[in-house]
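Here is a friendly walk through some strands and rings that you can follow in your viewer. Have the sequence and the 3D view open side by side as you read.

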Amino acid sequence: DKIIVGSFTGYLRIFNPHPVKPGDELQPEDLLLEVQLREPILQVEVGKFVSGTEGLHLAVLHFRKLCVYAVSGTLGNVEHGNQYQIKLMYEHNLQRTACNMTYGPFGGVKGRDLICIQSMDGMLMLFEQESYAFGRFLPGFLLPGPLTYSARTDSFITVSSCRQVESYKYHVLAFATDADERQETEQQKLSSGKRLAVDWVLNIGEQALDICVVSFNQAVSSVFVLGERNFFCLKDNGQIRFMKKLDYSPSCFIPYCSVKEGTINTLVGNHSKMLNVYQDVTLKWATQLPHIPVSVKVANLQDLKGVIVTLSDNGHLQCSYLGTDPSLFQAPRVDSREINYEEYDAEMKELQKIIKEATKTQDILPKSEKHRDLIVTAEVSPDLDAESKAIDSEVKAEAVPSVTVKITIQSRVTAQKPNLAVCVQAPLAVTCDQFVFDDLEPDSSETVVLSVFLKGNCSPSELEGNCIVSYDTPTELNPEGIPKVAQCNFRLPLRLICIPAQPSKAANHKLTIDTNKSPVSFLTIFPDFVDPSEDDQANVLGFQFLTGSKTTLLASKTSQRYRIQSDQLEDLWLITKELMLRLEEHFKKQNCKDFKCTFSGSIPLQEYFELIDRHFELRLNAEKLQELLSERAVQFRAIERRLLTRFKDKTPAPLQHLDTLLEGTFREV
C-alpha cells in the first residue's frame, strides 16, 4: 500500500515506507512524490475516475475545485533513480465552497466511480467523471456533516445538524422534483437545487465526527458512526446493531476486518493520545501514541500486514503495529534469601516520614507561578476622547467616537520577547492591536495607550476586549525560556456605540426582564445617558445607535420589571446586557447578594429564524451582484480600449463621432 497525504498548505505527498527495524526514521526513497498544488487540500480519494479506463486515479478536493490526476512512474538505472509524477486529467471548478466528498458506483454502474461533493451550504453536487450531473439541496440543512456512500443500498449517508443519521437513495436524488411553492424555502428559490425525500432517519443525539460503511466476508454490511461520546454500528436500514459509550473524547476511527467470525474490529483514537482496539463493543487493546491522531488507517507495507498508520494535525505521520519485540536477554538466576520484614517496615516508615515532610514544605505550584511572574492590566478612560481617533470607519454617523485604553505590563522576573495583542469584537477596532517590547528586567514595567472605536456599520455582539501577553521566562535547564501567557479583560463604555435619544412609544420587538428588587432609577445606574435636570428620565431612556436604529428602556413604577423595546430584534441584546451588568454592580455596592434577573416570556425564536433567513438572502443577493458587477467591469474595459484606440492620436474628433461610437458600443453591451 502507498500512503497519500494532503495538507492545508497545498502539499500532496505519496509515501512508500520500507521499514528495516522498529524505530527507523523516514528514508529519502520512501517519499515517492511531493507536489505543491497552491490551494489547501480538503480530501484525497483513489478510484476509477477517468472514462475509458478502469485504472485507478487520484481525486483531490480543494475549496472551489475538484482535480483528478494520473500518477505514473519512470524506472531509473539505480534504486534512487525512480521518478514519479502526476498528470492532470481533468478538473471541475465548483460554484460553491466544498466541505467533503465521497465516491462509488452510484446507480450500480460498472467499471467506473462517480463523485459526490457536499458544499458548505448543504448542496450535494454529483459528477459523472468528466461531466457535472446534477445538484440537490439537503432538506433542513444548517451545517455540513460527514458524508459516505453505501454501495449495497446505493445510498448516501450523512449526519445532519439535527444530530440524526440520514440516508438518501441515489435514484431519489436523481429524480427529485421541485417542492411545492408554498413549502419552498427562500434558499431553494434562489438556487437550482431540488428538494429530497429521506430514506431513513436515526436520532443519535450528538454530532458525528466520521461515518464509515464496511462489508467483510464474515460479517454483514454495517454503517459505523463515530459520535462525540459514542460510536454506533447500524444495519443497512438504520436500526442500531450495537453502540458503545466512550469515556473520552474521540478524534478518529476506522473499522477493519476481525479474525473472529461475525465481529468487526474498530480502532478509535482520542485526544488523550490513546488508540483503543474494540471487537464490537469489547475493548481488546489500548496503546499510547506520541501524538493526537486526526486520521487512522490500516495498511499492508512490505512484509508487515496490519500496520496502523496515524496522522496528527501538525503532519506527524507514523506507521506502527500492536505487540512487542522479542527480548533475547534472560536475567541470571539469583539465590533465594529470606525476607527481613522488620527491616522493610523500618525503611517504609522512614520513607513515609520523608514524604510527609515534603508535602508540608512544598507547594503544588512553584512560587513564581503562585505569585504570577507577569501581570497585565487594562484601564479604560471614563470619558470618550475629546478628539476622536477613529480611522477608516464605515459608520455613516456624523461623528464616530473613540475611547482610550491604557495597558500596563508589570514583570517580576526576566521576561524575554514579550508581545502584546489587543483583541476586540468586530465591528469594533483598535488603532493598534500588536505591540513588541524589548526584554523586561525583574520589577520593570511597560505602558501603551491605544483607542477603540466602531469601524463597521453594524453593532457589535459585546463590549468587551482582551489583552494577551506572550513571553518566555528562562530557567537553569532551559535558558532560552519557557513560553508563558498572561491576559486580562476590559469593558468598553456603551457611549462608544450609541448616544442618548428620545424614547419611542411603539416598537416591533419587546423583552420584559423580571427582578427580585424594586426598580432603580435610571439617574443612578445610567448617569452617562440621562440629564439630571429632567425628571422624566428616571424610568424611561432612549438609545440611538451610531448605525441608525433606536432602542427604548423602561422601568415599571408599580412592579419589579424592566422592558427593552426596539424595531430590530438584534438591537435588544446590548441594552439588555448593559442593564443587567449595571444592576448587578449597583446591588453589589449595596452588599446585596441575592439579586437576580429572570425572563419568563416566550423566547422569540420565530423572529430569530427570520433574521437568519434575511441574512442568508442578503448574502446570496450580494454574491449575484458581485458576479453581475464583474461582468459589467469586463464590458466597460472593452469600451475603454475602444475609446483609447479611437482617439490615440489625440486629435479632437467631432462630437457626433463620439456619439456614434458610444451608441454602437452600448448597443453591443
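Strand 9 and strand 10 make a hairpin with three residues between them, and Gly 122 in that turn has a positive phi of about 90°. Please keep in mind that this is a predicted model. Strand 9 covers residues 114–119, and its pairing with strand 10 is antiparallel, over four bridges.

On to the next turn. Strand 10 and strand 11 also form a hairpin, with two residues between the strands; here Gln 129 takes a positive phi near 55°. Strand 11 spans residues 131–137 and runs antiparallel to strand 10, joined to it by six bridges. Across this pairing, Leu 124 stands opposite Arg 136 in strand 11.

The pairings described here, side by side:

| Strands | Direction | Bridges |
|---|---|---|
| Strand 9 and strand 10 | antiparallel | four |
| Strand 10 and strand 11 | antiparallel | six |
| Strand 20 and strand 21 | antiparallel | seven |

The last row leads to another part of the chain. There, an open sheet of four strands has the order 20-21-22-23 and antiparallel pairing. Why does one side of strand 20 and of strand 23 lack a neighbour in the sheet? Strand 20 (250–257) and strand 23 (282–288) stand at the edges and each has a single partner strand, so one side of each is left without a neighbour. Neighbouring strands of this sheet are turned by 20° against each other on average, direction ignored. Strand 21 covers residues 264–270, and within strand 21 Asn 265 is the bridge partner of Tyr 256.

Now for the rings. The structure holds 17 aromatic pairs. One of them joins Tyr 608 and Phe 609 in a tilted arrangement, 5.9 Å centre to centre with 50° between the planes.

Elsewhere, Phe 106, Phe 134, Tyr 149, Phe 156 and Tyr 170 form one aromatic cluster. A charge meets a ring as well: the charged end of Arg 495 sits over the ring of Phe 529, 5.4 Å from its centre.

Terms used
Residues numbered from 1 in each chain as written. Predicted model: local features only at pLDDT ≥ 70, side-chain atom pairs only at ≥ 80, totals over all residues. Heavy atoms only, no water. Pairing = 2+ DSSP bridges. Phe/Tyr/Trp six-rings, centres within 6.5 Å; stacked < 30°, edge-to-face > 60°. Lys NZ or Arg CZ within 6 Å of the ring centre and 35° of its normal. Axes fitted to C-alpha atoms, helices over the stretch in contact; angles between N-to-C directions.
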